[in-house]
Amino acid sequence: MAGGEEKSHSFTSFLQFKPTEIQYAPGNDPARLIKNMTLYYDGYFIEQHEDGLPKRDVVLSTHYSERNEINVYRYKTTSNPDEVYVVLQFEESTKYFFVNKKGQLKLRKEKRWATKKPGDIKTTADRRVFLMKSANESCRAEVMFASCVASEQAPGYPSKARVITFPAADAKKKPGELEPLPEDGEAKETQIFRLYKPTVSTDEPPTDEDDDPWERE
């Protein structure tokens, strides 16, 4: 298993999951801000920098700028029309989110991928594909992101899902990781996010929240 995790002894361990074919569903404006709101830290996804140089990790930042803007490319599948898959890419740096061979959440520039454009991605076997899942039945705006590869192609199964997670404290310095859901299948606060539309001005924080992130423009 990815990341050296212990195998689950649930029934799903005995099932063999295969990659799913997906179809790109382009929209008018994929750019979004992705925000985590916890009791400990409140911030937007941003590429981590150290000594002024970019790293390959994602952290949270309370300061909003164009560097926070992420293209959220969406995909559908005929096998389950209700599922929404996404590929995340920082717009300014062109770096895609992906899971490496160690099961870690990392960033890699567009030019370093054989399939560079979102429309070229056809299957959940691509390390950039995440299942966007509802994290709260009472609030559709709250979502989590499960890596298809890290979840062994079963991102919809709570016992298999490996979702983007930030440390409960000091998330400005500690990068996001791919971690399992709690045993009850309910996402932790550090695994729940909201999508926002960027504002024209960066002087004020964005307030135009996506009430329903599942709908296209």
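User: In this predicted model, does Glu142 count as buried or exposed?

Analyst: The model is a predicted one, and in it the relative accessibility of Glu142 comes to 16%. Buried means under 20% relative accessible area, so at 16% Glu142 counts as buried.

User: Which side chain meets that of Glu142 in a salt bridge, and how many residues apart in sequence are the parts that the pair ties together?

Analyst: The side chain of Glu142 meets the side chain of Arg194, with 3.2 Å from N to O. Arg194 lies in strand 13 (residues 193-196), whereas Glu142 lies in the loop between strand 9 (129-134) and strand 10, so the parts tied together by the pair are 52 residues apart in sequence. Arg194 is buried too, with a relative accessible area of 15%. The two names asked about are thus joined as Arg194 with Glu142, and the separation is 52 residues.

User: Which strands hold Glu47 and Lys95?

Analyst: The side chains of Glu47 and Lys95 meet in a salt bridge of 2.5 Å, N to O. This pair links distant parts of the chain, 48 residues apart, with Glu47 in strand 3 and Lys95 in strand 7.

User: How far apart in space are Ala154 and Phe17, C-alpha to C-alpha?

Analyst: Ala154 lies in the loop between strand 10 (143-147) and strand 11 (162-165), and Ala154 counts as buried at 3% relative accessibility. Leaving aside neighbours within four places in sequence, the residues in contact with Ala154 include Phe17 and Lys160. Although Ala154 and Phe17 are 137 residues apart in sequence, their C-alpha atoms are separated in space by 6.3 Å.

Methods: Residues numbered from 1 in each chain as written. Predicted model: local features only at pLDDT ≥ 70, side-chain atom pairs only at ≥ 80, totals over all residues. Heavy atoms only, no water. Helix = DSSP H or I, 4+ residues; strand = E, 2+ residues; numbered from the N terminus. Buried < 20%, exposed > 50% of the residue type's maximum accessible area, 1.4 Å probe, protein only. Contact = heavy atoms within 4.5 Å. Salt bridge = Lys/Arg side-chain N within 4 Å of Asp/Glu carboxyl O.
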